[in-house]
Every structure is written in C-alpha cells, then in structure tokens.
Amino acid sequence: MDIQSVGIVGAGQMGNGIAHVMALAGYDVMLNDISSDTLNAAIHTIDRNLERQVSREKITAATKAAAMARITTTTTLGDLGQNDLIIEAATERETVKQAIFDELLPHLKPSTILTSNTSSISITRLASRTDRPEKFMGFHFMNPVPVMQLVELIRGIATDSETFEACKAVVDKLGKTAATAEDFPAFIVNRILMPMINEAVYTLYEGVGSVSSIDSSLKLGANHPMGPLELADFIGLDTCLAIMNVLHDGLADTKYRPCPLLTKYVEAGWLGRKTQRGFYDYRGEVPVPTR
C-alpha cells in the first residue's frame, strides 16, 4: 500500500505537530478541525516551528515553503475521505472518537487506512465500530511531535499485516522509530509514565513534598528533563486523568486509582499550560507553583 496523502482529524497540539512532520516528509496533508480559528492557529504554529528549523539550519527555506504548500485545511470532516491514511488526533474521549469515525465512514474510499493517535483507548474496540477493522490501528505520536522520535504502533485484534507494514513505512519515512505495542490499556509509554505522574500527585496530595520539591527531586535525583508535575501540566491534566481512568477501568487494579487531587484540578478547569493554570500558574512571567 503506497500512502501518498494523509488526513488528520484535530488541529490541536498533537494534530498540528503530526501535520508538520507529515508535510515535511513529502506527504500531502489535509488538516481538519471543527473550528476555523483552531485551523488558522495550527497553520501559524506549523509555520513558526518550520521557521525555527530554518533558523537552526535543519531545513532550507525552500523545504519549508514546499512543506507549507502541501498542507490544506477543512472544517468538513467528509473532505478527508479520499486520503490514503487518516489519523484521528481528537481529544482523549472514546465517545468523541467513535462519533468521528461514524461520520467519516460513508466518505472513505475502500483502501483508506484508519488510525487513532489515542494514548490509551482500546484499538480493537474503536476498530469494531468501523467497516474496516482489518485496516484500523493505533498510530501514537509523542508530544511534541516534531521533536520526539518515538511512534507507538498498536495492532487491534483484526489489524492485518498489510496495514501494519504500510504504517510502519510511514514512520520510517518520517525518520522516526516505531515501537510495536500490544493492545492493552495505555500501551507502553503511558502504562509506565502515567502511574509515575499519578504517584507524584499523590506525593503532593499527602504532603510529602511541595510542587517545587517533587519536580526538583526527579530532575536532579533521577535526571529527568522535566519534573512529573511540570510534565503533567505540559500534557494536560485532563488527558492524564483520562488515561488513569482507562488504566483503572481496564486493568481493575487499585494501584491505578487516579489521585483525588488530580481529579480536583480537572474539575476546577486547571488543566495545565493550555488553561494557564495547573500545578503551576503560567499567567505571569515565570511559572509559580499553585501548592
């Protein structure tokens, strides 16, 4: 299967990053979102990030211009139907993802591969709601997409070898590394990472350490580039909570119970960097811990 064109559902942080690397690798990209403002912001972000690569002499100005020319946008989901590969990168809520696939199905050509950038939800269950479970799989990029080298490839129970090999070839063309994960809750990276973040929140909740001391301890004591609470803010606390709920529900183990403090922050709308408040307050010149 020779993939030439890629449709991306969702123009947020993950979607615009995926569009960036796909266009840079030579794919024709159609980026979809329900909001034209979000699409405009995504194009601005991609342009800015490509310009940063030009300034660092990683790419040329001509390469940037060619990549930008390969990206089109649409607010009509059905417009994506004639692409060879579709990557759903909407919010981490299964009902939202299912509704997207339901709306897409009537517009797809028979050969189109459907994938989800989900970081935790069952690929087999998502695929079962479509007319092509054999052409459906998980295509999980890491954030920020232009920087991170790993892509998790997750086969559902019905995913055929041709689909897997086609997606693996895309990862290779992007110059990234594929890790094959089985279809279990949260796959590999988040199965390990999210419980660590959740434990850091419990450490804060129980008063063992402050936000600053917890993050400093992991950065200086374990050589992590970001502290776990800083990382949670970067990912989005709502996403962290959603993944912990998937782990808790899917594996039925109390060790995955989301910390009540994480739930409280999400209920308050303090979701991290994207809302300007989370475990840190980002509204000033310097982030300030909120606890």
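Trainee: Which helices do the buried residues of α10 pack against?

Mentor: An α-helix has 3.6 residues a turn, so residues three or four places apart point the same way. Here the buried residues of α10 pack against α7 (189–205), α9 (228–235) and α11 (260–267); contact means heavy atoms within 4.5 Å. Helices (H or I, at least four residues) are DSSP runs, numbered from the N terminus. This is a predicted model, in which local features need pLDDT of at least 70, side-chain atom pairs count only at pLDDT 80 or more, and totals for chains, interfaces and linings use all residues. Residues are numbered from 1 along each chain as its sequence is written, and side-chain values use heavy atoms, with hydrogens and water left out.

Trainee: Which residues of α10 are buried?

Mentor: Leu237, Cys240, Leu241, Ala242, Ile243, Met244 and Leu247. Buried means under 20% relative accessible area (1.4 Å probe, protein chains only). After α10 comes Ala252, with a positive phi near 50°.

Trainee: How is the packing of α2 and α3 described?

Mentor: Two packed helices are described by the angle between their axes and the distance between the axes. The axes of α2 (residues 36–55) and α3 (residues 61–69) come within 9 Å and cross at roughly 160°. Axes are lines fitted to C-alpha atoms over the stretch in contact, and angles run from 0 to 180 degrees between N-to-C directions. The two helices are therefore roughly antiparallel, a term for angles over 145 degrees.

Trainee: Which residues meet there?

Mentor: Ile43, Ile46, Asp47, Leu50, Glu51 and Val54 in α2 meet Ala61, Lys64, Ala67 and Met68 in α3.

Key
Parallel < 35°, antiparallel > 145°, perpendicular 65-115°, else oblique. Buried < 20%, exposed > 50% of the residue type's maximum accessible area, 1.4 Å probe, protein only.
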